[in-house]
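Visitor: Hi, could you walk me through this one?
Guide: Happy to, have a look first.

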Amino acid sequence: MLRRLLPLIVFLALAGLLFAGIRLNEQRDPNALPSPLIGRQSPGFSLPRLDDPSLSVQEPELRGTPYLMNVWGSWCPACRIEHPVVEAIARAGQVRVIGFNYKDERGDALRWLGQFGDPYEFSVVDEPGRTAIEWGVYGAPETFLVDSHGVVRFKHVGPLTWDLYRQRIVPLLEADTGATP
């Protein structure tokens with residue numbers, strides 16, 4: 001009798017494991033790529049501003065208040081999708097929004113902002129993409145939340161959504177003593 005039930009027992013055990021694996025995978029954020037930067041000081045940089053390349057921005061200058069660093073490019077179709085959300089976040093004034101123009105031609109980037117609107121306090125330019133490598137950027141769009149002490153608290157790959165902003169970023173801003181939401 002046990003010999004007849006053994007295949008059924010093995011099948012049910014494998015089906016149970018498969019079901020458990022599927023349920024665990026559903027609970028994970030598909031856009032959450034692990035970043036070794038989370039909980040660490042943000043990588044330093046000195047990059048030119050998009051609006052005036054004669055001016056440069058150094059990462060330590062951004063400390064004191066939290067900021068979202070939004071990686072974007074005029075060549076990026078998904079950046080158009082998230083752009084209204086980035087604009088609304090900037091208008092809300094809860095956090096500084098800094099643009100990180102990635103592997104883009106200056107003229108194309110300026111035209112894109114002219115066409116779709118410029119929600120950024122300013123944008124820095126990383127045309128060769130070297131600084132992006134230090135930040136662990138895979139592509140655009142990507143967004144980092146850096147706290148008031150310069151520590152990376154969050155990274156999102158893909159377009160930002162309002163739900164993501166409210167559920168994941170706002171609580172981190174509220175936890176930051178330098179935040180003003």
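**A chat about the model**

Guide: Let's start with Glu59, which sits in the loop between strand 2 (56-58) and strand 3 (67-72). Keep in mind that this is a predicted model.

Visitor: Is Glu59 buried or exposed?

Guide: Glu59 has 1% relative accessibility, so it counts as buried.

Visitor: Which residues does Glu59 touch?

Guide: Leaving out residues up to four places away in sequence, Glu59 touches Ser42, Pro43, Gly44, Phe45, Tyr67 and Gly150.

Visitor: New topic: which residues are buried in helix 3?

Guide: Helix 3 covers residues 106-116, and Ala109, Trp112 and Leu113 are buried there. Looking down the helix axis, the buried residues fall within an arc of 95°, so they line one face of helix 3. As background, an α-helix has 3.6 residues a turn, so residues three or four places apart point the same way.

Visitor: And what is on the other side of helix 3?

Guide: There you find Arg111, Gly114 and Gln115, which are exposed.

Visitor: What do the buried residues of helix 3 pack against?

Guide: Their partners are strand 3, helix 2 (77-92) and strand 4 (96-102). Just after helix 3 comes Gly117, with a positive phi of about 105°.

Visitor: Okay, cysteines. How many disulfides are there?

Guide: The count is one disulfide. Cys76 and Cys79 form it, with their sulfur atoms 2.4 Å apart.

Visitor: What is the handedness of the link of Cys76 and Cys79?

Guide: Right-handed, with 90° about the S-S bond. Cys76 and Cys79 are both buried, too.

Terms used:
Residues numbered from 1 in each chain as written. Predicted model: local features only at pLDDT ≥ 70, side-chain atom pairs only at ≥ 80, totals over all residues. Heavy atoms only, no water. Helix = DSSP H or I, 4+ residues; strand = E, 2+ residues; numbered from the N terminus. Buried < 20%, exposed > 50% of the residue type's maximum accessible area, 1.4 Å probe, protein only. Contact = heavy atoms within 4.5 Å. Arc of directions from axis to C-beta. Disulfide = S-S within 2.5 Å.
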